[in-house]
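I opened my notebook to keep track of what I looked up in this structure. Come along if it is new to you too.

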Amino acid sequence: MNIFRSKITANQKGVCLIGEALIDIIFDQNSNDKKIIVGGSPTNIAFNLNDLNIPNIHFFGTVGNDDFGKMIIDEFMTRKLSTKGINIHHKETSIVKINRTPLSPHATFFRDADKDISFTYDLKECIQNTAILHFSYWPLSTKLSRETVLRSIKLAKKLNMIIGFDPNIHPLLLNDECPSFEELLEIIKHVDIIKPSFDDAVRLFGEGYKPIEYIKMFSDLGVKLVVMTLGKDGLIASYSNHIYVQESLAKEIVDATGAGDAFYSGMYAAILNDEEIEDILKIGSLCSAHNLKVVG
């Protein structure tokens with residue numbers, strides 16, 4: 001059963017993504033190799049969905065008026081994705097430096113331009129013409145961008161869209177502008193799909209619970225599909241009051257960067273292609289497994 005089927009119409013397909021576009025500088029301490037690529041969770045999802053031949057993909061975020069900002073825009077243009085949603089700011093393009101490890105990359109954040117995302121006519125029009133609204137925790141961590149997300153959620157709810165949220169609450173994102181615990185729970189109450197890692201759930205609800213207990217906490221807030229990825233142990237999901245368990249499909253792990261984004265991409269592609277829940281989870285896992293085989 002695909003409970004999202006009624007939310008997708010012939011005239012409203014595709015995905016509208018709000019969040020960070022930045023530069024990942026990936027450094028391998030063993031080989032001293034350095035790789036510079038365009039990154040950011042919603043950006044990765046946009047690229048992945050495009051690679052999966054899903055039409056009508058739109059990203060909204062802010063980059064700097066610098067070489068890295070130009071690199072991001074050029075990457076979107078090369079992939080034939082719209083750049084209408086990318087605002088060019090006088091601030092510098094945000095950077096994440098990553099020390100590569102097989103299981104959990106260590107990151108250092110240098111945030112600037114990504115903090116300022118405004119609600120624009122183009123964003124409003126995109127929401128009106130797509131089936132899924134997706135946002136990450138990054139824009140929630142600053143006041144202006146959070147207001148943009150909240151306005152987007154309000155419009156999306158009015159239009160009966162599917163709303164997806166990536167609760168990637170990294171400690172380095174926390175600051176005085178971040179939403180309180182209560183405010184974040186209120187936002188999650190409006191979400192249809194969430195895919196927390198175990199660490200995300202711990203940061204949100206505290207330590208001492210089993211994965212299935214964390215999943216119930218999200219479900220009790222009204223989230224229709226909760227997927228908790230558990231690394232080599234696969235995933236546990238709650239969907240329409242049923243629990244699903246799936247083993248990891250990864251056969252080779254080179255770099256974990258972007259694996260969660262790949263899962264979202266496969267999951268959204270499957271939903272838009274009207275797959276049933278078992279295949280939605282399997283396709284998400286297959287995309288994640290493929291991502292684990294390459295750097296970045």
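My entries follow, starting with the whole chain and moving on to single places.

**Ground rules**

I am working with a predicted model, in which local features need pLDDT of at least 70 and side-chain atom pairs count only at pLDDT 80 or more, while totals for chains, interfaces and linings use all residues. Residues are numbered from 1 along each chain as its sequence is written, and side-chain values use heavy atoms, with hydrogens and water left out.

**The whole chain**

I started with the secondary structure and found nine helices and 13 strands in the protein chain. Helices here are DSSP runs of H or I with at least four residues, strands are runs of E with at least two, and both are numbered from the N terminus.

Next I looked up burial: 52% of the 296 residues count as buried. I noted the cut-offs: buried is under 20% relative accessible area, exposed is over 50%, and partly exposed lies in between (1.4 Å probe, protein chains only).

The accessible surface of the chain comes to about 13,700 Å², and carbon and sulfur atoms hold 51% of that. Such areas come from the Shrake-Rupley method with a 1.4 Å probe, and for residues only the protein chains shown count as cover.

I then turned to contacts, meaning heavy atoms within 4.5 Å. Among contacts with a separation of 6 or more, 72% are between residues 24 or more positions apart.

**Salt bridges**

How many salt bridges does a search of the whole structure find? I got ten, counting a side-chain nitrogen of Lys or Arg within 4 Å of a carboxyl oxygen of Asp or Glu.

I looked at Asp74 and Lys70, whose closest N and O atoms are 2.9 Å apart in a salt bridge. Both residues sit in helix α2 (residues 67-78), four residues apart, about one turn of the helix. Asp74 counts as partly exposed because its relative accessible area is 31%.

I wrote a reminder for myself: an α-helix has 3.6 residues a turn, so residues three or four places apart point the same way. Asp220 is exposed, at a relative accessible area of 55%.

I also checked Lys224 and Asp192, whose side chains meet in a salt bridge (2.9 Å, N to O). This pair links distant parts of the chain, 32 residues apart: Lys224 is in the loop between α7 and β11 (225-229), and Asp192 is in the loop between α5 (181-188) and β10 (193-194). Is Asp192 buried or exposed? Asp192 counts as buried because its relative accessibility is 2%, whereas Lys224 is partly exposed at 33%.

One more entry here: Asp51, Glu75 and Arg79 are linked in a network of salt bridges.

**Helix α6**

I listed the buried residues of helix α6 (residues 198-205): Asp200, Ala201, Val202, Leu204 and Phe205. What do they pack against? Their partners are α5, α7 and β11. Just after α6, I noticed Gly206 with a positive phi of about 95°.

**Two buried loop residues**

Asp116 is in the loop between β7 (106-110) and α3 (121-128). Asp116 counts as buried because its relative accessibility is 15%. Leaving aside neighbours within four places in sequence, I found Asp116 in contact with Thr62, Asn87, His89, Lys91, Leu144 and Ser145.

Cys178 is in the loop between β9 (162-166) and α5, and Cys178 is buried with a relative accessible area of 15%. Not counting residues up to four places away in sequence, Cys178 touches Tyr137, Leu140, Ser141, Arg146 and Leu173.

**Surface patches**

My last search was for patches: these are made of residues with over 30% relative accessible area and no salt bridge, joining like charges within 9 Å and nonpolar side chains (Val, Leu, Ile, Met, Phe, Trp, Tyr) within 5 Å.

Ile212, Ile243 and Val245 make a nonpolar patch of about 290 Å². Ile212 belongs to helix α7 (residues 211-220) and counts as partly exposed, at 37% relative accessibility.
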